[in-house]
Amino acid sequence: SLVSLAVPGLWRCQRFSFDQHLHNLPKIKMRLSFTLHCTLLALLWHSALAVRPSGREAELLEHQVERITGSSQVNRASKCEQDAQAPADPTEACPSECPFAAELADPTKYCHFKCVKAEECGTKGTIPNQTIPEKEKVKENKYCRYCEVEACAACTAGRPGEESEAVETCQKCMPGYTLKNDGKECVTHGDWVFLALAAVAGVGALFGLAWFATLQSKATVNPEGLQYGMYSQLRMMVTQDHHGDEGQPYPFNTNLLSVHVAGPGGTALFRFQAAAILWAVLVIGVWLGFVLFVSKDLLLLGNRPAATPRQLCEVVGWGRKRQMELIWTKVSWLAFAYLSGTLGAIFYGIMMAKFFRSFDSERATLSDYVAVLEGVPKLTGDEKVEDILKEAVETAIGSDIAKELVAVSVGWDFQAHRAQVRHFIDEEVGKFHESNEEPLAIPEGTGDEFNGVCGSITKKVLNRWHIHLDGHGEEFTTEDLKKNLTSMETAPVSYVIFMTESARDKALEVTKASGVVVKDATCTLKPETYEPEALFWHNLPVTNKEFGWKFTVSSGNIFLTCMAWTVLLYLPYAHYMSAFSYANGDEPSPLAESVFIGLVVGAQVGLFVASSIGAEFCQCHYEDQKHRVYIIFYNAALILNLVMDIVLQGYLSYLQMVGVGARVADGRLLGSLTSLQEIFESYPMQKSVGKLLFKYCWPCTFLVPFLAEPFIAQLGPYHVGTLLLRSNSRIRGENAERALELSEMEQGRYADVIFNLILVACIPFIAPAYMLITYGAFLLAHLYIYFYDHWKTLRWARKFYFSSDEVHWFGQQLLCLPLGILAAALVFKANQMSGGPNGGLGSGVLHGSVLGAAMAGAFTLHVLVHLTLLDMVVKPYRSDPNKAENKTPFSKVAEEEAATHLTTNPVQCLRSKYIHEDSPPLSPFVLGKEKIMKPNPKLGAYFDGEQDFQQKEKRKSRESKASAEAATLNPQESGSAEAKMEADPEEPQKPQEPQEPQEP
């Protein structure tokens, strides 16, 4: 550019010599001037190409050029009378002679303003109702406005120039408000709700602080109990058993994506979270690419502030134009996000199916040897039920297979005697406390520590933690236990244990047609898929029909909880928020938004509690089933709550904006729009709904609940338990364990991930400005959640083992919901793009109900296709037709695993001791107290707790010795020592990195 424009002028200048052609000096000056102008023009052109200003920047540049060149200069006095459109520069103010910008009333001149004096607002052709000169909200860009009384449905402004207190008066308030002070304000009916809640919370906080201060001030009088409680924490923690540092926690840098510290289900939970994080990084990167290489206006569209009507006109007009010019970026991004999410979900599903298949093929688990006997008739405990069922199974499977039958673990209906059963199980493991010099009986005391308000709070906390210091359990006697054990009835489900997996499979095949006959009742045998630790023995009496009824009742209760929360708490707040038009800087204060955060977080906590109670009420047979039911309840409740909140707030905001005469980009009144499609696409609604949805996401949903979780679930209870334990010498033994008991790890995290994905999938429906900040917030939140779960698993969770892929599979199925929403958003935005860059509101090929049907069809179609692909493409990878035969016997596996389908059955253990009087009786499994378990092969019990403890201590001693020797050797000697230890199987080397658990 420089060469083509500047060189010709320079060449012309060289043809003349100043010495020889002085008479041509005027021509030289002309050509030199031409050359300089060409050079300047080339530089400006080159700079323009390099900068490539956006549409907004181009308008401002044009406006500045006009001001510099003088093409738009006007006399300040005449400017007061000029009819001018809203300037490209929204900060341009009216002159001091007429400082107020008043919008013209002519409907053909939308966004045209006239600079007037304060007493001229509403006159000289401006909108008659805008008679109030606004001086407070903005100091420089003053304007004439409507009557604005918060929460007013019909507001009347005073006459032009009027400055009395009656300059704006409300005639009618919005629903839920009452007119007060002669129309000067509208007072909500729901203030008492928030005042009552604040009062209750304040009183509770004061009592809590006083109680905590009292505990903190008490002296340490129970160091033994405190030490034993901390030792119990270590025993119940996820530790490196049979590999690594024996009995020690895993290193904090353990990679939980590859090291299976808590079974394949635990690894799958972390991989699911990692997959969601990876997808978020991918789509954020693509959107940033559009921002950097297309236009930075994508960060502003829909989020630019507008404090005055003139600024609002400029923002709405510019925003609508740029949104339609750049809508192809949103459509392209949606297509990429949808396709990458769908294909990624299928690929991830195949990868995880192979993972579970490999895990099952390489390891023998206790469920491989167990068959579920369903349809067992009611038998009473005064019969030899265990022998009756065993003989029935032996008859059904034949004598050859019967030789491999180990035992039958009978399910019992002991719901009415659950507390008694638990009491005697605690007595059975009481010997463990004796071996650690902890008293079995509760030390005597006066009970003075429970006097007063603080003492009452202490007692309630201890009772909630099942720490009883008042002789709890003394009402249970051995005679009553025996009587109840003989009068109990069997549950419809029992478990048959075989010595080999092949014998179990043969028994299943033999009984497939004829079943197992038990006293004229035909039972069925099915393969077991759950490990015994996931079994809820007390829930086995619940049939499928009863479960369905309980599920329905719980669903209704959760729905009523959502309705109650919305009506009693959210509706009053929504009425208050609807008092703001969101149009001319009229927005709620930070305090109001903090109340919104509290309401949303409170709703989520309440729904979490309601969903947990509902899942518990359903009485599932297995822990995985309970987690699945919880996910259904929690996600459904959150989605319902989200829809109710957004729809309610959006509708009330719409009513308020119609009341103040809000307009859309083409000048029409918002209230004149009859199409829901046009209303939703308008700038005021996009900003109102977009801001509300973003606040709902961040920090209400993505951050606050998870920041509070470690303090509520781990750190807070630990600190309080430590204070209670150290200050009360009566809390010893079992009670000391419960005071510092670790929290349970649950698979409910799938519900959090799915709901957060649903939220971010809704963001593309609104303005582009919220895309990057919302997806960025999602990414940051889930990085924090991942590392929090990592910390919780390795340090603060009770030892757990997720063996089944049921919950993980359900999480994969639920991914169809956010991806289906993305498909609907793609249809919506593609239809909007079809209207062209100059298309107005509601433009596009599809309109109204047809567009809604297309979006619903896209969502439904994706859900069906997604679930079909999982069943037909992913699920086949889960089974292994070439699986090698498992030749490891049950006895070998049971020697290493304390928890079996026999030892986790509390009634079976008590009947072994008190009814059958076996010697030794079947030892119950209690986490952390495996040391007292005794083997009895005749009963199917092969785990020797004392021997296992000695072996662990021996391995731990060898590892400590090897570590000490390695630390004192130089590198060469260390290498020879390692070679020596590899050659000596009795002196295994301590692994330097965490290894995958080796199971039989």
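Student: Which residues of H14 are buried?

Tutor: Buried means under 20% relative accessible area. In this predicted model, Gly455, Thr458, Val461 and Leu462 of H14 are buried.

Student: How are those buried residues arranged around the axis of H14?

Tutor: Look down the axis. The buried residues of H14 fall within an arc of 120°, so they line one face of the helix. The face turned away from that buried side carries Lys460 and Arg464, which are exposed.

Student: What span should H14 have, given its 13 residues?

Tutor: Count 1.5 Å a residue. Helix H14, residues 452-464, should then span 18 Å.

Student: What follows H14?

Tutor: His466 follows H14, and the phi of His466 is positive, near 60°.

Student: On to H15. Which of its residues are buried, and which are exposed on the other side?

Tutor: Helix H15 covers residues 478-487, and its buried residues are Leu481, Asn484 and Leu485. Seen down the axis of H15, these fall within an arc of 100°, so they line one face of the helix. Glu479 and Lys483 are exposed on the other side of H15.

Student: What covers the buried residues of H15?

Tutor: The cover includes helix H12 (418-428) and helix H30 (906-914).

Student: Now a helix pair. At what angle do H27 and H28 pack?

Tutor: Angles run between N-to-C directions, from 0 to 180 degrees. Helix H27 (residues 816-833) and helix H28 (residues 848-874) pack at about 145°. Their axes are 8 Å apart.

Student: Is the crossing of H27 and H28 left-handed or right-handed?

Tutor: Right-handed.

Student: Which residues of H27 and H28 meet?

Tutor: From H27, the residues include Leu817, Ile821, Val827, Phe828 and Asn831. From H28, they include Leu851, Met855, Phe859, His862 and His866. By class, the contact has 15 nonpolar, four polar and no charged residues.

Student: Last, a loop residue. Where does Ala105 lie?

Tutor: Ala105 is in the loop between strand S2 (100-103) and strand S3 (112-116).

Student: Why does Ala105 count as partly exposed?

Tutor: Partly exposed is the class between buried, under 20%, and exposed, over 50%. Ala105 has 36% relative accessibility, so it counts as partly exposed.

Student: What is Ala105 in contact with, leaving aside its neighbours within four places in sequence?

Tutor: Contact means heavy atoms within 4.5 Å. With those neighbours left aside, Ala105 is in contact with Gly125, Thr126, Ile127 and Pro128. Lys124 and Ala105 are 19 residues apart along the chain, and their C-alpha atoms are separated by 9.4 Å.

Conventions: Residues numbered from 1 in each chain as written. Predicted model: local features only at pLDDT ≥ 70, side-chain atom pairs only at ≥ 80, totals over all residues. Heavy atoms only, no water. Helix = DSSP H or I, 4+ residues; strand = E, 2+ residues; numbered from the N terminus. Expected span 1.5 Å × (residues − 1). Buried < 20%, exposed > 50% of the residue type's maximum accessible area, 1.4 Å probe, protein only. Arc of directions from axis to C-beta. Left-handed = near helix turned anticlockwise from the far one by under 90°. Nonpolar A, V, L, I, M, F, W, Y, C, P; charged D, E, K, R; others polar.
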